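Here are my notes on this model, point by point. Please read them with the coordinates open.

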Amino acid sequence: TPVAAVIPAAGRGVRLGPGAPKALRALNGTPMLIHAVRALAASRHVSLVIVVAPPDGAAEVKSLLDAHALPERTDFQVVPGGQSRQESVRIGLDALPPHYRIVLVHDAARPLVPVDTVDAVIEAVRDGAPAVVPALPLADTVKEVAPAAVAGDPEPVVATPERARLRAVQTPQGFDRATLVRAHESVTENVTDDASMVEQLGLPVVAVPGHEEAFKVTRPLDLILAEAVLARRRL
Ligand code: CTP
Ligand code: MG
């Protein structure tokens, strides 16, 4: 079964600070999006990559992809994105040719995911899971807080979930295509990942081991870490 990947890359990257849209920022000279596309195309199972570009940047993204060689076996397509990540993913799914029964959704903001992680997600979907997430144990203890009585005051802590049972979830997340399409059609509230929409359908979601290098580039410090990881790989 061939696998397609949808790469939402339409965000501005507000938390990264002023500059080009996040996916187009360079990491050691190459746009983050190109690193992300290559990371997924590195899997020999992935034969199509659909990039969801910033709404006004589709032509620029198309020429970037034309300029950076992908493996022979990998096709790509560029579509303009939407106002939210969720909308961008839905637009990407709409562009998917019918014969792809397995789809990965991968943040352009996770440019360094290793191919072994990509393949582990694909394998778990092939083994029958309708939704698969790569996940890591947490280093920090997590607390649930309530809103402060007065804005700016300390927030009351209301609970401490047992850390050993928590996981930080990454991408690519892998799906039975029909299941993910149905999830996007029926879940209307805002979510922060695709698998949670499948959970809301009442279907099982499973976690496979994620990887530290699949971290999301979100804030300026993450750029420093990403460039250091890339430099180490070239040694
Ligand atoms: N994304 C998207 N369309 C949107 C918003 C986000 O395709 N309207 C994508 C981003 O390009 C990114 C991924 O979703 O690859 C994860 O989102 P995030 O890390 O939050 O990126 P941004 O939304 O760009 O960053 P910020 O929230 O700091 O603005
Ligand atoms: Mg965002």
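1. Burial first. Buried residues make up 39% of the 235 residues in the protein chain. A residue is called buried if 20 or more other C-beta atoms lie within 10 Å of its own, exposed if 12 or fewer, and partly exposed in between, with C-beta atoms placed from the backbone.

2. Provenance and numbering. This is a predicted model, in which local features need pLDDT of at least 70 and side-chain atom pairs count only at pLDDT 80 or more, while totals for chains, interfaces and linings use all residues. Residues are numbered from 1 along each chain as its sequence is written, and chains are lettered from A and ligands numbered from 1 in the order in which they are written.

3. Overall form. The protein chain has 7 helices and 12 strands. These are DSSP runs numbered from the N terminus: helices are H or I with at least four residues, strands are E with at least two. The radius of gyration is 18 Å, close to the 18 Å of the globule rule for 235 residues, so the chain is as compact as a globular protein of that length. The radius is taken over C-alpha atoms, and the rule is 2.2 Å times the number of residues to the power 0.38. Along the principal axes, the C-alpha atoms fill a box of roughly 55 × 40 × 35 Å.

4. Contacts. Of the contacts with a separation of 6 or more, 73% join residues 24 or more positions apart. Contact means C-beta atoms, placed from the backbone, within 7 Å.

5. Core. The largest nonpolar core holds 58 residues; I7, L33, V37, L40, V49 and V51 have the most contacts inside it. Helix 1 (residues 32–41) gives the most to this core, with 8 residues. Such a core is a set of buried Ala, Val, Leu, Ile, Met, Phe, Trp, Tyr and Cys residues joined through C-beta atoms within 7 Å. Leaving out residues up to four places away in sequence, L33 touches A9, A23, L24, V51, V61 and A108.

6. Strand 1. In strand 1 (residues 3–8), 6 of 6 residues are buried. V3, A5 and I7 point one way, and A4, V6 and P8 the other. In a regular strand the side chains alternate between the two faces of the sheet. Strand 1 pairs in the parallel sense with strand 4 (residues 46–53) over 6 bridges and with strand 6 (residues 102–105) over 4 bridges. Pairing requires at least two DSSP bridges. A5 stands opposite V49 in strand 4 and opposite L104 in strand 6.

7. Ligand 1. Which of the 22 residues around ligand 1 come nearest? They are P8, A10, G11, R15 and S88. Being near requires a C-beta atom, placed from the backbone, within 6 Å. The shell divides into 8 nonpolar, 8 polar and 6 charged residues. Ala, Val, Leu, Ile, Met, Phe, Trp, Tyr, Cys and Pro count as nonpolar, Asp, Glu, Lys and Arg as charged, and the others, Gly among them, as polar.

8. Backbone checks. Most residues other than glycine have a negative phi, and most peptide bonds are trans. The T171 to P172 bond is cis, with omega near 10 degrees. N28, not a glycine, has a positive phi of about 45 degrees. N28 counts as partly exposed because it has 13 C-beta neighbours inside 10 Å.

9. H106. Is H106 buried or exposed? H106 is buried, with 27 C-beta neighbours inside 10 Å. Residues up to four places away aside, H106 touches A5, I7, A36, L40, T171 and P172.

Notes: Contact = placed C-beta atoms within 7 Å.
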